[in-house]
Amino acid sequence: MANVLITGANRGLGLELVRYLASLPSSRIGKIFATTRGPTPCDPGSELGRLVGSSGGRVVNVHGCDVTTLPRRLRTVRCTWPDEGGERAGGGGAGRGGAG
């Protein structure tokens, strides 16, 4: 199961990728981190907001991302979401290489 990060997820190609990946079974695609530049979470009535709301937690809006904030936001994502083994994604285990 792969976790995916998509930039520009609120419209165009980014939104279509989120929509497509969310339609795949969770055995193939786990979490979908849909990044947007806006400083607040996406509007629940927007297309992305509806995908987030209907995904059962698979689609996560990571807002406030641009070229200056993306590295910090990626660290937040890596340290926040448990991987399929229950550990923090990327963090701390032997051979895992994370700061956790």
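Mentor: Start with the term itself. A nonpolar core is a set of buried Ala, Val, Leu, Ile, Met, Phe, Trp, Tyr and Cys residues, joined through side-chain atoms within 4.5 Å. Buried here means under 20% relative accessible area. Keep in mind that this is a predicted model.

Now the core. The largest one holds 13 residues. V18, I32 and L48 have the most contacts inside it.

Take L48. Which residues does L48 touch, once its neighbours within four places in sequence are left aside? The list is A9, N10, L15, V18, A34, T36, C42, V59 and N61. Find V18 in that list. V18 is also one of the residues with the most contacts inside the core.

Next, the sheet. Three strands form an open sheet, in the order β1-β2-β3, and the pairing is parallel. β1 (2-6) and β3 (59-62) are the edge strands, so named because each pairs on one side only. On average, neighbouring strands are turned by 20° against each other, direction ignored. Look at β1 and β2. They run parallel, and 4 bridges join them. One place to check is A2, whose bridge partner in β2 is I29. In general, strands of a sheet pair through backbone hydrogen bonds.

Where does α2 sit relative to the strands? Helix α2 lies across β2 and β3, and runs at about 135° to β3.

Now turn to the charged side chains. The count comes to 2 salt bridges. In one, the side chains of E16 and R19 meet at 2.4 Å, N to O. Both residues lie in helix α1, 3 residues apart, which is about one turn of the helix. In the other, the side chains of R19 and E47 meet at 2.7 Å, N to O. R19 belongs to α1 and E47 to α2, so this pair ties together parts that are 28 residues apart in sequence. R19 takes part in the bridge to E16 and in the bridge to E47.

E47 is partly exposed, at 39%.

Definitions and conventions: Residues are numbered from 1 along each chain as its sequence is written. This is a predicted model: local features need pLDDT of at least 70, side-chain atom pairs count only at pLDDT 80 or more; totals for chains, interfaces and linings use all residues. Side-chain values use heavy atoms; hydrogens and water are left out. Buried means under 20% relative accessible area, exposed over 50%, partly exposed in between (1.4 Å probe, protein chains only). Contact means heavy atoms within 4.5 Å. A salt bridge is a side-chain nitrogen of Lys or Arg within 4 Å of a carboxyl oxygen of Asp or Glu. Helices (H or I, at least four residues) and strands (E, at least two) are DSSP runs, numbered from the N terminus. Two strands pair if DSSP finds at least two bridges between them. Axes are lines fitted to C-alpha atoms, for helices over the stretch in contact, and angles run from 0 to 180 degrees between N-to-C directions.
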